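Subject: Structure handover

Hello,

Here is the structure for your files. My notes on what was found in it follow below.

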Amino acid sequence: MKITKRELRRIIREAIGTISREGPSTELRERFDAFLAEYDSMSKPNPLNPSLNYWYMGKKDDADCLVLTDLSEWDGAIHVGSIQTVPPDVCEGQGFASQIMNKLVNLADKHEVPMSLDPAPFGSEKLGVKELMHWYRRAGFSPNDDRGGEWWRDPE
């Protein structure tokens, strides 16, 4: 069985979380729950992979364009495990992922929850690490040395 980097990170995060993490405060728990409930109401669960939600972005050249997002609560933040546009050959570079990232950031601000991520491109030949870091900076994320370099965004 082949395990992707993303899946391995998710497994490690879950294992560490169950061993060493205290849960968030009651107030933060309520804000996380409200964020995730609204996130689920805005997107659809992926029937092929329950850890992903999808956002239908319309048709382009007879292809149905989707943005797939993998969000979870992790270490006191809503963690963006991945965000990707599919199919990449037709739908990437159209601003669809930026539209969804803006929705997620606005949702985090509304519910006053921080967000985190690890900028690592996968599956895209158009987007390297440098471009991805720039894209995340535009969304308000920056490296947090107190968290081992994990990228962080506090709500505004």
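**Strand pairing and the sheet**

In β2, Asn-53 is the bridge partner of Pro-45. β1 and β2 (residues 53–60) pair in the antiparallel sense, over two bridges. Two strands count as paired if DSSP finds at least two bridges between them. Helices (H or I, at least four residues) and strands (E, at least two) are DSSP runs, numbered from the N terminus.

Before the rest, a note on the source: this is a predicted model, in which local features need pLDDT of at least 70 and side-chain atom pairs count only at pLDDT 80 or more, while totals for chains, interfaces and linings use all residues. Residues are numbered from 1 along each chain as its sequence is written, and side-chain values use heavy atoms, with hydrogens and water left out.

The sheet is open and has seven strands, in the order β1-β2-β3-β4-β5-β7-β6, with mixed pairing. Its edge strands, each pairing on one side only, are β1 (44–45) and β6 (142–143). In general, strands of a sheet pair through backbone hydrogen bonds, either parallel or antiparallel.

**Overall make-up**

The chain has five helices and seven strands. Read from the N terminus, the elements run α-α-β-β-β-β-α-α-β-α-β-β. Of its 156 residues, 37% count as buried; buried means under 20% relative accessible area, exposed over 50%, and partly exposed in between (1.4 Å probe, protein chains only). Among contacts (heavy atoms within 4.5 Å) with a separation of 6 or more, 55% are between residues 24 or more positions apart.

Helix α2 (residues 26–42) lies across β2, β3 (63–74) and β4 (77–86), and runs at about 170 degrees to β3. Helix α5 (residues 129–138) lies across β4, β5 (115–117), β6 and β7 (151–153), at about 15 degrees to β7. For these angles, axes are lines fitted to C-alpha atoms, for helices over the stretch in contact, and angles run from 0 to 180 degrees between N-to-C directions.

**Aromatic rings**

The whole structure holds four aromatic pairs. Rings of Phe, Tyr and Trp (its six-membered ring) pair if their centres lie within 6.5 Å; planes under 30 degrees apart count as stacked, over 60 as edge-to-face and the rest as tilted.

Phe-35 and Tyr-39 are a stacked pair, 6.4 Å centre to centre with 15 degrees between the planes. They are separated by about one helical turn because they are four residues apart in helix α2. Phe-35 is buried at 0% relative accessible area, and Tyr-39 is buried at 3%. Another pair, Tyr-136 and Phe-141, is edge-to-face, with 5.9 Å between centres and 75 degrees between planes. Both of its members, Tyr-136 and Phe-141, are buried. Ring pairs also link Phe-35, Tyr-39 and Trp-55 into a cluster.

**Charged side chains**

There are eight salt bridges, a salt bridge being a side-chain nitrogen of Lys or Arg within 4 Å of a carboxyl oxygen of Asp or Glu.

- Glu-27 and Arg-31: the closest N and O atoms are 2.7 Å apart. The two residues are four apart in helix α2, and so are separated by about one helical turn. Arg-31 is partly exposed, at 22%.
- Lys-59 and Asp-64: 2.9 Å, N to O. Lys-59 is exposed at 56%, whereas Asp-64 is partly exposed at 39%.
- Asp-75 and Arg-147: 3.1 Å, N to O. This pair links distant parts of the chain, with Asp-75 in the loop between β3 and β4 and Arg-147 in the loop between β6 and β7, 72 residues apart. Asp-75 is partly exposed at 28%, and Arg-147 is partly exposed at 31%.

**Backbone points to check**

Most residues other than glycine have a negative phi, and most peptide bonds are trans. Val-86 and Pro-87 are joined by a cis peptide bond, with omega about -10 degrees. Pro-87 is in the loop between β4 and α3 (88–91).

Asp-61 has a positive phi, near 50 degrees, and lies in the loop between β2 and β3. Asp-62, with phi near 65 degrees, is in the loop between β2 and β3. Asp-61 is exposed at 64% and Asp-62 is exposed at 75%.

Regards
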